[in-house]
Amino acid sequence: MIQVAILGALCVGTAFGIVIQPDIDLPKLTLEKACPGTHMGFSYSGSLRRHYRYMQRRYTGCTYVQGNLEITHLRHKNINYDLSFLRSIRYVSGYVLIGLVTRVREIPLTSLEVIRGNQTLELFGRQFGLAVTLTSRSYGSRRGLQELQLPKLREISGGDVLFANNPGLCYVQTILWEAIINGGRKAMLKGDQPLAKRCLPCSSHCQQQGTRRCWGRGKQLCQKIEPLTCDPSCPYRCFGPGKEGCCNSQCAAGCWDETEADCEICKNYYYQGRCVGWCPYAPNTYAFGSMCLKF
């Protein structure tokens, strides 16, 4: 039986006060909340205060972002930004953009496990699944973003990674990005660490193969890396050595065996005990979050 971390929802239509119990048989199902993402890039509407409150309402309690997670324009000097509402997000189906966030010290995406990247952000003629840029109040200043906290991030399935013009941002240069992205995709750190020598070192608890790797201060922000090296023939993840140890293409973040029923997390959708690329065309079966629900 699959032990995948389910990322869907039992409470659907909650905006209308409706609770629907889908006809599914899953052990230890965790109650999840899906919410729509955005596709605005660096633009916003209304005032900066309204933009921040809109983001708060949209993502409070959210675990699954259906679309893109865009955290932008947190730069008003008279707003006391509280981003604790981001801590519950575990899965983003599109890309993650963090930009122009010059009045916050940290972004606490401490539960985020997978960025699926089925939509990517185009910048500089390339496609990105994660982009972080323009996070300090002035070039050469540490006033602004210092920690991007992603201790549970296991996989970015689509798009490259970009860090550009974040002079005060610490620790991203310690991350082993090859453990998060694969398939020839890259992490680009463009002129990002002129002040990195002023950052405190990672905790001694974060030591991995002779190198300290972390997302911020404290042992709870260590990067966790699976020690297994996959065979070059494995296009995705692996659970053991050789060609026989490759995970199924429907798995994200890892697996316990070779079939689509042995995934740690589904790359696309979960349906009747296994991971699938899309929900079947069948009566009363619908895609919601990363689950195929039959009502």
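Buried means under 20% relative accessible area, exposed over 50%, and partly exposed in between, with a 1.4 Å probe and protein chains only. The views show a predicted model, in which local features need pLDDT of at least 70, side-chain atom pairs count only at pLDDT 80 or more, and totals for chains, interfaces and linings use all residues. Residues are numbered from 1 along each chain as its sequence is written, and side-chain values use heavy atoms, with hydrogens and water left out.

**View 1. Lys267 sits in the loop between β17 (263–266) and β18 (269–271).** Strands (E, at least two residues) and helices (H or I, at least four) are DSSP runs, numbered from the N terminus. Lys267 counts as buried because its relative accessibility is 14%. Leaving out residues up to four places away in sequence, Lys267 touches Tyr91, Arg116, Glu155, Ser157, Tyr236, Ser249, Gln250, Cys251 and Ala252; contact means heavy atoms within 4.5 Å.

**View 2. Helix α1 covers residues 48–59.** From first C-alpha to last, the twelve residues of α1 reach 17 Å, close to the 16 Å expected at 1.5 Å a residue; the expected span is 1.5 Å times one less than the number of residues. Leu48, His51, Tyr52, Met55, Arg58 and Tyr59 are the buried residues of α1. They lie on the same side of α1, because they cover an arc of only 130 degrees around the axis; the arc is that of the directions from the helix axis to the C-beta atoms. Arg50 and Arg57 are exposed on the face turned away from that buried side. The cover over the buried residues includes β1 (34–36), β2 (64–66) and β3 (69–72). Just after α1, Gly61 has a positive phi of about 80 degrees.

**View 3. Tyr64 and Tyr91 form an aromatic pair.** Rings of Phe, Tyr and Trp (its six-membered ring) pair if their centres lie within 6.5 Å; planes under 30 degrees apart count as stacked, over 60 as edge-to-face and the rest as tilted. The count by this rule is four aromatic pairs. The ring centres of Tyr64 and Tyr91 are 5.0 Å apart and their planes are at 10 degrees, so this pair is stacked. Tyr64 belongs to strand β2 and Tyr91 to strand β4 (residues 91–92), so the pair ties together parts 27 residues apart in sequence. Tyr64 is buried, at a relative accessible area of 1%, and Tyr91 is buried at 0% relative accessibility.

**View 4. Phe163, Trp177 and Trp215 are linked into a cluster by ring pairs.** Phe163 is buried, at 0% relative accessibility, and Trp177 is buried, with a relative accessible area of 7%.
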